[in-house]
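Subject: Structure for you to look at

Hello,

Here is the structure I said I would pass on. Please open it alongside this message and follow the residue numbers as you read.

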Amino acid sequence: MAKLRVTAAQLLPPNVAASPKGGDTRLRILAAAAEALIAGEGECEIADVARAAGISAGLSYHYFNSKAGLIAAVVEAFYDRFEAAVMDINPKPGAGWGERERLRLERMVAFHYAEPLAPVILAKLSRTPEVAAVEAARLARHIELAAHNIELAQARGDIPGDLDAHLLGAMVLGGLRQAIGQALAAPKRPGRERLTEQLWAFIAGTARFKPAKKGGR
């Protein structure tokens, strides 16, 4: 399935050509917007972002059509990093489903704990229409990836074949997002290892996964 991306051409108005210099300016705007959103707990103003990026507020609209478009692009970039670090890799080629997906879960928790934008996006920005649209598109892709992964595990006998792969993928990913969001928003975050243990118990139970006994018995 093709990756969902917002390209420079899509973000630029039709009469503005993308260029190496323009790409650098766009990246500065995105970085400034991300910092502003973190500092403002989900709120930012174009004037403040432009000032931090070293450009005029008017110029920022040559790269992003609106503040909503800018915020959506920041969220797109966040999910690009998430997919590169978690979804689009095989954390242990050749391993069984349980071992591999446990490692993927560890990477997922580590990614969210290390990303300053994670609590802002999961707890604050997800309520806005433009970000909700980005998240819906990304989640649909992630569910497709998860369903394919589950179908392969079912073919190997790691997960019961009577489970609907798409429904199971949606339940697992939806549950993980909500649980990680709650952990990030907690006054005192649970430790990464503890959270991973609890989330893995949820995944294994939902998938009815039974680890192979040592020695193959």
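Predicted model: local features only at pLDDT ≥ 70, side-chain atom pairs only at ≥ 80, totals over all residues.

The core. In soluble globular proteins, nonpolar side chains tend to be buried together. Here the largest nonpolar core has 58 residues. Within that core, the residues with the most contacts are I29, L70, W97, I121, L125 and I159. Helices 2, 3, 5, 6, 7, 8, 9 and 10 each give two or more residues to it. Helix 5 (67–87) supplies the largest share, with eleven residues. To see how one of these core residues sits among others, select I29. Leaving aside neighbours within four places in sequence, I29 is in contact with V49, A53, I55, S60, Y63, F64 and L70.

Aromatic rings. A pair of aromatic rings is described by the distance of the centres and the angle of the planes. The structure holds seven such pairs. In one of them, F78 and Y79, the ring centres are 5.1 Å apart and the planes stand at 85 degrees; an angle over 60 counts as edge-to-face, so this pair is edge-to-face. F78 and Y79 are both buried. The two also belong to a cluster, in which ring pairs link F78, Y79, F82 and F111. Elsewhere, a charged residue meets a ring: R189 lies over the face of Y113, at 5.2 Å from the ring centre.

Helix 8. How far apart should the ends of helix 8 be, given its 28 residues? At 1.5 Å a residue, helix 8 (residues 129–156) should span 40 Å. After helix 8 comes G157, which has a positive phi, near 85 degrees.

Backbone angles. Most residues other than glycine have a negative phi, and most peptide bonds are trans. Two residues to check against that are E41 and R208. E41 is not a glycine, yet its phi is positive, near 50 degrees. E41 lies in the loop between helix 2 and helix 3. Its relative accessible area is 55%, so E41 is exposed. R208 also has a positive phi, near 55 degrees, and is found in the segment after helix 10. With a relative accessible area of 40%, R208 counts as partly exposed.

Regards

Definitions and conventions: Residues numbered from 1 in each chain as written. Heavy atoms only, no water. Helix = DSSP H or I, 4+ residues; strand = E, 2+ residues; numbered from the N terminus. Expected span 1.5 Å × (residues − 1). Phe/Tyr/Trp six-rings, centres within 6.5 Å; stacked < 30°, edge-to-face > 60°. Buried < 20%, exposed > 50% of the residue type's maximum accessible area, 1.4 Å probe, protein only. Lys NZ or Arg CZ within 6 Å of the ring centre and 35° of its normal. Core = buried A, V, L, I, M, F, W, Y, C linked by side-chain atoms within 4.5 Å. Contact = heavy atoms within 4.5 Å.
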